[in-house]
Amino acid sequence: RRWFVMSMLTGRYSGSVESNFELDIRRVRELGAPAYLESIEASELTDGFWAAGLPLNLVTSSSRSPLWKVFQASQVKNVSKGFLSRLITVQNMIEGAGDVHHIFPKDFLDKAGIHDRERKNQIANYVLTETTINIQVGNKAPSEYMGIIKGQIASGELKVGEIVTDEEIALTLEQNAVPQSIFDVTVNDYDDFLNERRQLMSKLMRKYYESL
């Protein structure tokens with residue numbers, strides 16, 4: 001499992017697959033799989049990789065990216081709930097019960113003057129969300145819909161999602177690697193917000209990898 005995830009994190013077999021496989025098979029025969037994997041981790045999965053290399057590689061808009069899949073796998077292993085959900089898990093959504101929601105909705109970004117598809121569809125702007133919650137959020141700014149959620153904790157009237165306590169807000173942000181700055185972030189902070197989220201995503205993925 002660890003070797004498979006390492007290969008996805010590093011793109012080890014995305015280039016010359018045959019030559020890389022041949023090299024790896026030869027080294028496994030020479031050193032043994034555990035020792036060879038340790039040497040790869042020591043040289044490639046360094047603190048610098050997790051702090052800078054992986055967050056930089058997360059600058060992509062492809063939902064088919066192996067890195068997005070590893071992030072989802074880390075959530076599944078952690079039994080994480082979907083963004084703003086209390087009951088439905090990420091695994092449930094991957095199996096067909098949810099949507100890929102934009103934290104900064106695409107229409108909101110369009111109206112704010114951000115029209116570049118690559119920039120709007122960054123995977124750091126993605127979370128898995130129940131369809132009903134996705135509809136409730138609509139094209140609201142993150143600070144607006146999170147403000148509604150804060151208000152519904154006091155009123156008890158659900159308008160967006162299923163969150164009813166401050167503890168549940170903290171948990172949904174943690175499990176989905178969403179920065180606390182979501183409560184007051186503006187469109188002018190969009191790129192900084194994505195950078196902050198990539199760091200949190202990388203930390204979650206590292207914890208997952210090291211648990212394998």
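Helix H12 supplies the largest share of the lining of the largest pocket, four residues. Helices here are DSSP runs of H or I with at least four residues, strands are E runs of at least two, and both are numbered from the N terminus. The model is predicted: local features need pLDDT of at least 70, side-chain atom pairs count only at pLDDT 80 or more, and totals for chains, interfaces and linings use all residues. Residues are numbered from 1 along each chain as its sequence is written, and side-chain values use heavy atoms, with hydrogens and water left out.

The largest pocket holds about 160 Å³ of space. A pocket is an open set of points on a 1 Å grid over the protein atoms alone, with protein on both sides within 12 Å along at least five of seven lines; lining residues have an atom within 4 Å of a point. The volume is the space filled by probe spheres set on the points. The lining comprises Asn 78, Leu 173, Glu 174, Ala 177, Val 178, Leu 200, Lys 203, Leu 204 and Lys 207.

H12 spans residues 190–211. Its 22 residues reach 32 Å from first C-alpha to last, close to the 32 Å expected (1.5 Å times one less than the number of residues). Its buried residues (under 20% relative accessible area, 1.4 Å probe, protein chains only) include Tyr 190, Phe 193, Arg 197 and Leu 204.

Strand E2 (residues 126–130) is mostly covered, with five of its five residues buried. Tyr 126, Leu 128 and Glu 130 lie on one side, Val 127 and Thr 129 on the other.

Key:
Buried means under 20% relative accessible area, exposed over 50%, partly exposed in between (1.4 Å probe, protein chains only). On a 1 Å grid over the protein atoms alone, a cavity is a set of points where a 1.4 Å probe fits but cannot get out, and a pocket is an open set with protein on both sides within 12 Å along at least five of seven lines; lining residues have an atom within 4 Å of a point.
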